[in-house]
Amino acid sequence: MASDMNDETVTTANATEKAKTEEIPRIPEIIGVLPLKNTVMYPFTVIPLSIGEQSSIALIDEAVSSTKLIACVAMKDPTQTRKAENLYQYGTVANILRMMKLPDGTIALLTQGVSKIRVEEYIVFEPYIKARIQTIEESDELSTRGEALFRNVLTQCQKIISLTPYLPDELQATLINIESALRLVYLVCSVLKLTVEEKQQILEIPAVEEKLEKISQLLSREIEILELGGKIKSQVETEMSKTQREYFLREQLKAIQQELGEGDERQVEIKEIREKLDAKKLSEEVRKEADRELERLGKLPPASAEYHVIRTYLDWIIDLPWGEYTEDHLDLEHAQKVLDEDHYDLKEVKERIVEYLAVRKRKPDMKGPILCFVGPPGTGKTSLGQSIARALGRKFVRMSLGGVRDEAEIRGHRRTYIGALPGRIIQSIRRAGSANPVFMMDEVDKVGADFRGDPSSALLEVLDPEQNSSFRDHYLDLPFDLSQVMFITTANILQTIHPALQDRMEILRLAGYTEDEKLWIAKKYLLPRQLSENGLESQHVDFEDVAIRKIINSYTREAGVRNLERTIARVCRKVALEISTGKKEQERITEDNLGVYLGPEKHFPEVALRTSSPGVATGLAWTETGGDVLFIEALAMPGGKNLTLTGQLGDVMQESAKAALSFVRSRTKELGIPDDFFANQDIHVHVPAGAIPKDGPSAGITMAVAIASLLTNRPVREDVAMTGEITLSGLVLPIGGVKEKILAAKRAGIKTVILPKKNEKDLVEIEEESKAGLSFVFAENIDDVFKAALTNGQQKPASKQRSKRRTD
């Protein structure tokens with residue numbers, strides 16, 4: 001709240017003093033009422049009024065021709081009608097000192113308050129308001145406390161005048177000469193900027209000491225506001241002075257630099273940015289946006305926060321390789337040689353890269369392919385990307401997507417956020433320094449999603465050849481051409497990848513390696529690398545082939561070669577320790593001394609041991625780490641028509657077990673099983689490794705064979721493994737992951753693999769080396785499976801076997 005004291009206040013105060021001696025007519029009991037908007041009339045005060053309402057003009061005309069007295073009553077709500085309920089009960093009788101009619105039809109009045117009144121009742125409202133009033137005489141006598149309040153109000157008024165420089169000194173003299181407490185209160189209230197409610201409250205207070213106390217509180221508030229305003233003004237003026245001083249010094253520095261022939265540092269910086277932009281191959285849209293931001297930069301002071309935001313944005317535009325491409329090596333023989341040097345086998349992937357080069361040689365403007373390498377860990381997916389980049393002569397960048405849950409990681413944050421940066425796509429392109437690198441996105445199957453968005457959906461634009469030619473990062477908000485980038489993604493499984501994302505990629509499967517392939521990889525790649533990393537030479541340690549095969553089969557048993565390399569490294573470290581301590585000068589690793597370095601064997605051939613008893617069958621399964629062997633056990637016990645399934649089986653696998661049991665029950669006569677075998681027996685089917693969840697339909701025929709083996713007392717052939725889905729009619733349906741399962745069978749020492757007939761075509765795509773040593777049975781129905789898997793003779797009861805063993 002600011003003070004309302006001004007020169008007009010002084011005039012009003014002087015007019016009040018002059019009007020003291022004027023003769024005031026007697027106040028009538030019934031008088032015309034003038035409603036006041038946004039103000040309150042006080043006794044002894046002189047205020048100007050502007051009258052525009054027709055009813056009020058009629059009242060003024062009547063009053064001027066008679067007593068010149070009117071009752072001034074404030075309105076509670078100036079927007080409402082002039083009704084009794086919208087008028088305060090207390091007001092002031094005023095004397096019209098001067099009246100002037102203006103050309104626009106309104107009347108200007110100069111009035112002086114005469115006496116405080118209370119409205120008893122309103123009599124009429126037309127043509128103007130008339131009311132019966134009671135005059136209230138107010139006492140001006142003060143007690144000692146009242147005198148103190150009076151002096152305090154005077155002091156406060158003087159302080160307000162001192163805090164307001166534009167108020168004249170005459171006002172202070174007028175206040176000092178006022179001896180009446182009532183006159184002082186009403187004068188101060190008329191010049192203070194108070195609300196109508198506060199002014200009316202002071203008017204209605206009956207005792208003068210209470211009026212003084214109330215006005216003292218209001219003056220204290222006003223002083224506090226004025227002092228705070230003065231403090232703020234002083235701070236602003238100080239800051240402005242500092243800014244003006246800095247501007248003056250900066251202008252002086254500019255003038256000195258011009259005299260010395262040196263440019264303004266900021267202008268030099270902007271000139272450098274413009275020259276860098278000129279050197280870039282920017283599109284019209286990008287250059288237009290860069291020039292606009294550069295123009296904004298030139299208008300901002302370097303100390304501004306926005307200055308650094310714009311400068312960082314321009315730096316990103318300058319650093320990106322707009323239209324900058326490396327030249328591809330289109331020599332097909334050289335590319336094939338590089339790929340063969342770095343990786344063994346992987347025929348399908350290598351053919352695809354050479355095909356791309358052949359097409360690009362004939363069509364230079366073709367878009368980059370988008371490949372997805374799917375396979376178990378350790379099969380060389382990530383390192384294959386580096387080899388492809390070397391073969392093509394391109395830059396290589398890698399981005400891991402494992403655990404990424406924020407969509408902004410891909411597309412970046414908008415510049416409205418503090419510390420915003422482009423997404424990892426644009427960051428990687430800048431790091432590569434070219435617009436056509438080999439861009440590897442690792443672990444695309446492990447991308448997550450949460451409240452911050454779905455990164456998989458953001459990748460749809462990046463990995464779509466029809467859209468990525470104008471990829472827009474949220475930070476840059478400019479189109480960047482990614483169509484020449486060769487995107488390669490890697491994954492262990494396809495099931496967790498967004499279907500729309502799968503549709504945009506060309507899937508290439510890396511199934512795993514056979515024992516011979518692992519042996520060759522170990523000798524050519526892994527051993528030389530580990531000898532070098534452990535400070536050894538070829539003359540220090542020599543691995544026999546049979547020792548490497550033992551590591552493969554007895555210590556690792558995996559689809560890839562990562563654990564194989566880790567195990568070889570363990571042997572090399574122990575040999576390095578022996579050579580460093582002088583115990584040996586060289587070492588030959590054989591099958592016999594391998595246990596000294598690696599300890600006991602971790603994997604044993606267990607197929608023959610497991611399937612030696614009826615009710616156990618060997619199945620083949622697909623996992624994220626490649627193929628694996630799965631044993632399914634069935635057991636009969638006294639009970640009644642119950643089927644128990646254990647081994648943490650999923651819903652699909654449980655349904656396969658029920659279908660297998662139903663089919664075996666439908667073939668009791670053909671299999672030589674009593675018709676009522678299930679009436680007094682329970683069947684329990686268990687899949688070992690119960691801590692590992694299992695699901696899928698491909699174990700259907702294996703469960704049927706295990707149940708049939710149990711009920712016919714015919715063991716399953718120990719060298720046979722199988723996979724396939726079963727139906728209630730006995731058909732064997734095709735399954736997936738054939739190559740992975742065949743490799744798993746070969747690692748486990750299986751000789752015969754039973755596959756669905758419709759999977760026979762899949763063997764064409766599998767290398768002969770992977771199939772070497774295996775025979776295949778292609779089953780159309782479950783009878784073919786029983787014929788190939790079950791032995792012909794029944795096994796003797798277990799009690800007789802134990803008795804025989806004891807006799808032996």
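Leaving aside its neighbours within four places in sequence, which residues is T702 in contact with?

1. T702 and its surroundings. The residues in contact with T702, beyond neighbours within four places in sequence, are A617, T618, G619, I632 and M722; contact means heavy atoms within 4.5 Å. T702 belongs to helix α25, residues 700-712. Helices (H or I, at least four residues) and strands (E, at least two) are DSSP runs, numbered from the N terminus. T702 counts as buried because its relative accessibility is 1%. Buried means under 20% relative accessible area, exposed over 50%, and partly exposed in between, with a 1.4 Å probe and protein chains only.

2. Basis of the model. The model is predicted, and local features need pLDDT of at least 70, side-chain atom pairs count only at pLDDT 80 or more, and totals for chains, interfaces and linings use all residues. Residues are numbered from 1 along each chain as its sequence is written, and side-chain values use heavy atoms, with hydrogens and water left out.

3. Aromatic pairs. The structure holds eight aromatic pairs. One of them joins Y42 and Y186, which are stacked at 5.1 Å centre to centre with 20° between the planes. Rings of Phe, Tyr and Trp (its six-membered ring) pair if their centres lie within 6.5 Å; planes under 30 degrees apart count as stacked, over 60 as edge-to-face and the rest as tilted. Y42 is in the loop between β1 (30-36) and β2 (46-51), while Y186 is in helix α5 (residues 181-191), so the pair ties together parts 144 residues apart in sequence.

4. Charges over rings. K76 lies over the face of Y88, 5.9 Å from the ring centre. The charged end of R430 sits over the ring of W316, at 3.8 Å from its centre. The rule asks for NZ of Lys or CZ of Arg within 6 Å of the ring centre and within 35 degrees of the ring normal.

5. The second largest pocket. Its volume is about 480 Å³. It is lined by 24 residues, and those closest to its centre are H343, G378, T379, G380 and S383. Helices α13 (381-392), α18 (515-533) and α20 (562-580) each supply at least two lining residues, and α13 gives the most, with five. The lining divides into seven nonpolar, 10 polar and seven charged residues. Here Ala, Val, Leu, Ile, Met, Phe, Trp, Tyr, Cys and Pro count as nonpolar, Asp, Glu, Lys and Arg as charged, and the others, Gly among them, as polar.

6. Cavities. On a 1 Å grid over the protein atoms alone, a cavity is a set of points where a 1.4 Å probe fits but cannot get out, whereas a pocket is an open set with protein on both sides within 12 Å along at least five of seven lines; lining residues have an atom within 4 Å of a point. Grid points are joined across faces, edges and corners, and a volume is the space filled by probe spheres set on the points. Three cavities of 30 Å³ or more are found in the whole structure. The second largest cavity has a volume of about 40 Å³. Among the residues that line it are V374, N492, R509, W622 and E740. Its lining holds three nonpolar, four polar and three charged residues.

7. Helix α16. Seven of the eight residues of α16 (residues 455-462) are buried. They are P455, S456, A458, L459, L460, E461 and V462. The elements that cover them include α14 (408-411), α15 (424-432), β9 (438-442) and β12 (486-491).

8. Backbone points to check. The peptide bond from E126 to P127 is cis, with omega near -5°, and P127 lies in the loop between β5 (107-124) and β6 (129-136). D477 is not a glycine, yet has a positive phi of about 55°. D477 is in the loop between β10 and β11 (479-480) and is partly exposed at 49% relative accessibility. N713 likewise is a residue other than glycine with a positive phi, near 60°. N713 sits in the loop between α25 and β20 (720-722) and is partly exposed, with a relative accessible area of 25%.
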